[in-house]
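Take a look at the sequence and the 3D structure below. This briefing goes through a few helices and strands, one topic at a time.

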Amino acid sequence: MKPQRTLTDRSARHAGSSPYDQYARQLAARRRAQRTGKRVMIMLLVLGVFMALLCGGLLPALFFDSSSPLEDEQLQAASCNFNNPGGGAELGSVGNLSKEQMGHARTIVDVGWEMKVPSRGWIVAIATAMQESNLRNLAHLGARNDHDSIGLFQQRPSQGWGSELQLMDPRYTSRKFYEKLLTVPNWQQLEVTVAAQRVQRSAFPDAYAKWESLAIQVVDELTRGGTYGRVSYGANPMCADPGVVSASGWVVPTTGPVGSGFRTRERPQHNGVDVIVPRYTSIRAASAGTVVTVLCNASTNNCDVDGSPQVKGCGWYVEVSHGNGFMTRYCHMVKQPSVKVGDRVTAGQLLGEVGSSGNSSGPHLHYEVHFQGDPINPEEFMSAQGAPMRA
Ligand SMILES: [Zn+2]
């Protein structure tokens with residue numbers, strides 16, 4: 001099922017800090033979050049009854065709803081495993097960030113929490129402040145200043161963001177950032193850098209992306225491992241599972257029973273996970289990124305008919321590069337995928353439909369996740385991102 005031509009995504013190899021370290025930290029954070037989760041198990045059991053009542057029939061309508069602030073703080077806290085970040089607890093440190101920088105990050109998260117902005121927004125806000133001010137509350141720098149930019153987000157009085165005095169108030173400036181972010185359509189499905197740019201209109205729009213991993217770690221530290229909980233973008237946070245984009249920006253490509261897993265004893269060469277779903281089921285991008293491959297890969301050179309175990313190749317398939325060394329692959333589509341190479345896709349955007357082309361004995365999605373060119377276990381990875389393959 002491995003395509004004859006393999007694309008690698010090694011762009012992050014030369015990044016300053018190893019993305020694998022970040023991935024490992026994410027896994028550790030996930031485990032911390034799971035431990036915390038046990039404590040709220042009893043509350044969850046009670047809530048489960050409400051969930052069952054609320055979820056019936058609502059999910060399809062909510063699946064690709066536009067974002068809206070969450071309705072009920074307590075339900076949100078229980079279902080998504082979030083902890084209120086405030087409360088004056090001792091601040092841990094992340095990377096080389098000082099106490100002052102962490103303090104500003106906490107203010108940003110606190111304001112986001114109070115405004116009921118889903119946690120992905122906290123990550124966008126912190127990545128933006130890292131880029132704009134290095135998380136410092138910068139006063140007007142005189143001649144060295146970039147226009148009349150002020151404060152954590154370098155917002156400009158002349159552009160209607162507020163007075164100079166207001167913009168030096170981290171709470172005020174954070175609130176202005178979130179207010180603008182919430183007006184950006186589908187902001188939770190966008191890459192961090194795109195969402196940030198829609199708010200900031202920076203002269204350097206691609207500069208935000210490099211801060212995403214650090215911003216995730218910071219939010220994770222401030223929420224004691226809560227970042228990787230599920231975040232809905234529908235009106236009801238309880239019912240959006242499992243079609244939701246997680247705080248770290250991932251969503252399951254399709255929902256169904258998992259058949260063959262990653263490199264099992266029976267199939268050590270199986271580099272992905274098989275999701276058994278009917279023909280024509282939608283396959284969605286697992287995270288935002290750029291389409292790097294759209295090909296028919298079959299030893300028969302025909303992907304418009306069902307393959308078989310004798311045919312080699314993954315049929316009609318798509319690969320999406322997500323940056324930070326991650327790439328995803330989607331195999332055996334029923335017909336030519338609906339995206340083209342070079343398309344920028346959002347998390348959850350339609351890529352194509354399930355079929356059985358190539359090396360396949362029946363309709364299913366074969367899904368792979370690659371890190372720095374090598375396949376990793378998609379189920380483990382997706383769980384760590386708060387978007388588990390198994391409900
Ligand atoms: Zn497979």
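Two residues are in contact if their C-beta atoms, placed from the backbone, lie within 7 Å. With that cut-off, what covers the buried residues of helix α5 includes α6 (119-133), α8 (170-181) and α10. Keep in mind that this is a predicted model.

**Helix α5 on its own**

- Helix α5 covers residues 99-114.
- Its length checks out: at 1.5 Å a residue, the 16 residues of α5 should span 22 Å, and the end C-alpha atoms are 22 Å apart, which agrees.
- Which residues of α5 are buried? They are Gln101, His104, Ala105, Arg106, Thr107, Ile108, Val109, Val111, Gly112 and Trp113.
- Just after α5 comes Lys116, with a positive phi of about 60°.

**How α5 meets α10**

- Two packed helices are described by the angle between their axes and the distance between the axes.
- For α5 and helix α10 (residues 212-222), the angle is about 75° and the axes are 10 Å apart.
- Angles of 65 to 115 degrees count as roughly perpendicular. The two helices α5 and α10 are therefore roughly perpendicular to each other.
- On the α5 side, the contact is made by Ala105, Arg106 and Val109. On the α10 side, Val218, Val219 and Leu222 make the contact.
- By class, this contact of α5 with α10 has five nonpolar residues, one charged residue and no polar ones.
- An α-helix has 3.6 residues a turn, so residues three or four places apart point the same way.

**Helix α9**

- Is helix α9 (residues 192-200) largely enclosed or largely open? Seven of its nine residues are buried, so α9 is largely enclosed by the rest of the structure.- The buried residues of α9 are Val192, Thr193, Ala195, Ala196, Gln197, Val199 and Gln200.
- These buried residues of α9 pack against α6, α8 and α10.
- After α9 comes Arg201, whose phi is positive, near 50°.

**Strand β8 and its partners**

- Strand β8 spans residues 365-371, and six of its seven residues are buried, so β8 is largely enclosed by the rest of the structure.
- Strand β1 (residues 273-275) runs antiparallel to β8, joined by three bridges. In this pair, Val273 stands opposite Tyr367 of β8.
- Strand β5 (residues 326-333) is also antiparallel to β8, with six bridges. Here Thr328 stands opposite Val369 of β8.
- Strand β9 (residues 374-376) pairs with β8 in the antiparallel sense over three bridges. Val369 stands opposite Ile376 of β9.
- How many residues lie between the strands in the hairpin of β8 and β9? There are two, and Gln372 in this hairpin takes a positive phi near 50°.

**Gly323**

- Gly323 lies in strand β4 (residues 315-323).
- A residue is buried if 20 or more other C-beta atoms lie within 10 Å of its own. Gly323 has 22 other C-beta atoms within 10 Å, so Gly323 is buried.
- Leaving out residues up to four places away in sequence, Gly323 touches Ala209 and Gly289.
- Gly323 and Gln372 are 49 residues apart in sequence. In space they are 9.8 Å apart, C-alpha to C-alpha.

Conventions. Residues numbered from 1 in each chain as written. Predicted model: local features only at pLDDT ≥ 70, side-chain atom pairs only at ≥ 80, totals over all residues. Axes fitted to C-alpha atoms, helices over the stretch in contact; angles between N-to-C directions. Helix = DSSP H or I, 4+ residues; strand = E, 2+ residues; numbered from the N terminus. Parallel < 35°, antiparallel > 145°, perpendicular 65-115°, else oblique. Nonpolar A, V, L, I, M, F, W, Y, C, P; charged D, E, K, R; others polar. Expected span 1.5 Å × (residues − 1). Buried ≥ 20, exposed ≤ 12 C-beta atoms within 10 Å, placed from the backbone. Pairing = 2+ DSSP bridges.
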